[in-house]
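Hi everyone, thanks for making time.

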Amino acid sequence: MVGAGARELIVAEYRITGLSPNVIAELIAEVGPLWHEQHHTRLTARQRRRAVGAGAKHKLVFVDRLLATLVNLRHGTTHDVLACWFGVDRSTITRAIGEVRPLLAQRGCTVAPGLRLCTLAEVIEHLGADSGTGIIDGTEIRVRRPAAGRKDRDKFVSGKTKQNAVKSMVLTDAKGRMLFCSPVQPGSCADITQARQLGLVKLLADGPFIEILADAGYQGMGTQTGGRVVTPPHRKFRKNAPAWYEERHELQRKAHSSRRIPVEHGIAHLKNWRALTRHLGRREHMSDIVQAVAGLLSHQQTATRFSGSRV
């Protein structure tokens, strides 16, 4: 295990975890009790010959487990390297990350101190209460190619990038602050299909009148949601368009792109976490990974906004 001095260095150095010391302290205070409760439940769920707490103690304490998970998400560091760093076996690191990462994924996105959004319905309600504007877009993450002979092997091939990928829908506010990141779908799933499966159409049609900016991949949702989803303007002239129409259409398209560019910045901040640039592990873990990173990013953004620290 790492010493106290090395642990303090990891926490203090922003480049290692991507989070400020204050945010890490809040994570320890919030996630620590959940992990200990989960661990205690697992120990008491079976018959025991010795009392709970007897026997050898953990070499890897919870703080080290959390730091190992953050470093893995931020830099994609392999479990072997982390095991050498923390002085434990590789299987211990694998088990620790597998326990902590789902707890981080369940936190949702932090939009203000004490205010956290965990579901898409809560995000829509929050935007409606503030009369805010939301921006949605899909992002793809490269994954390993499924084994030969697998029935749904081609489902992961993205029609856009022609690579094996999974896709997640990201929703930010007008300033690019992360509000929601969905569980992943195979790369062949269309953006608008994923939005419908998440229930966005029903939430908008039955909810408050808010504006959701989207790209051309979501065209058609505007009609289904009573104009709440705004997409780029359609081209009325396929061929031989008048010069005045081309100029006006280009101005409208650029104006729409300028309004929805914050979501691209939000996705760029997500991809700063190496685990979301390309994932070489199990595809089944990707939903936990992308939601955990979105929650950590939103927490850091909120802390930066209210404390003035760097991002």
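**A walk through the chain**

So, the chain has twelve helices and eight strands, where helices (H or I, at least four residues) and strands (E, at least two) are DSSP runs numbered from the N terminus. Before I go on: this is a predicted model, so local features need pLDDT of at least 70 and side-chain atom pairs count only at pLDDT 80 or more, while totals for chains, interfaces and linings use all residues. Residues are numbered from 1 along each chain as its sequence is written, and side-chain values use heavy atoms, with hydrogens and water left out.

Along the principal axes, the C-alpha atoms fill a box of roughly 80 × 50 × 35 Å. Of the 311 residues, 46% are buried; that means under 20% relative accessible area, with exposed over 50% and partly exposed in between (1.4 Å probe, protein chains only).

Let's take helix α11, residues 243-271. Its 29 residues should span 42 Å at 1.5 Å a residue, and the end C-alpha atoms sit 40 Å apart, which agrees. The expected span here is 1.5 Å times one less than the number of residues. Where does α11 bend? At Arg260, by about 40°, and Pro262 follows within four residues. That bend is the angle between axes fitted to the seven residues ending there and the seven starting there. Arg260 and Pro262 are both among the buried residues of α11, and so are Tyr245, His249 and His256.

Now the pockets. A pocket is an open set of points on a 1 Å grid over the protein atoms alone, where a 1.4 Å probe fits, with protein on both sides within 12 Å along at least five of seven lines; lining residues have an atom within 4 Å of a point. The largest pocket holds about 450 Å³ of space, a volume being the space filled by probe spheres set on the points. Its lining has 19 residues, and Asn72, His79, His279, Leu280 and Gly281 are the closest to the centre. Helix α6 (residues 90-105) gives the largest share of that lining, five residues. By type, the lining splits into four nonpolar, ten polar and five charged.

On to aromatics. How many aromatic pairs are there? Two, taking rings of Phe, Tyr and Trp (its six-membered ring) with centres within 6.5 Å, where planes under 30 degrees apart count as stacked, over 60 as edge-to-face and the rest as tilted. Trp35 and Phe62 have ring centres 5.7 Å apart and planes at 35°, so that pair is tilted. This pair links distant parts of the chain, with Trp35 in helix α3 and Phe62 in helix α4, 27 residues apart. Both Trp35 and Phe62 are buried. The rings of Trp85 and Phe86 are also centred 5.7 Å apart, with planes at 50°, so this pair is tilted. Trp85 is partly exposed at 36% relative accessible area, whereas Phe86, at 0%, is buried.

Terms used
Nonpolar A, V, L, I, M, F, W, Y, C, P; charged D, E, K, R; others polar.
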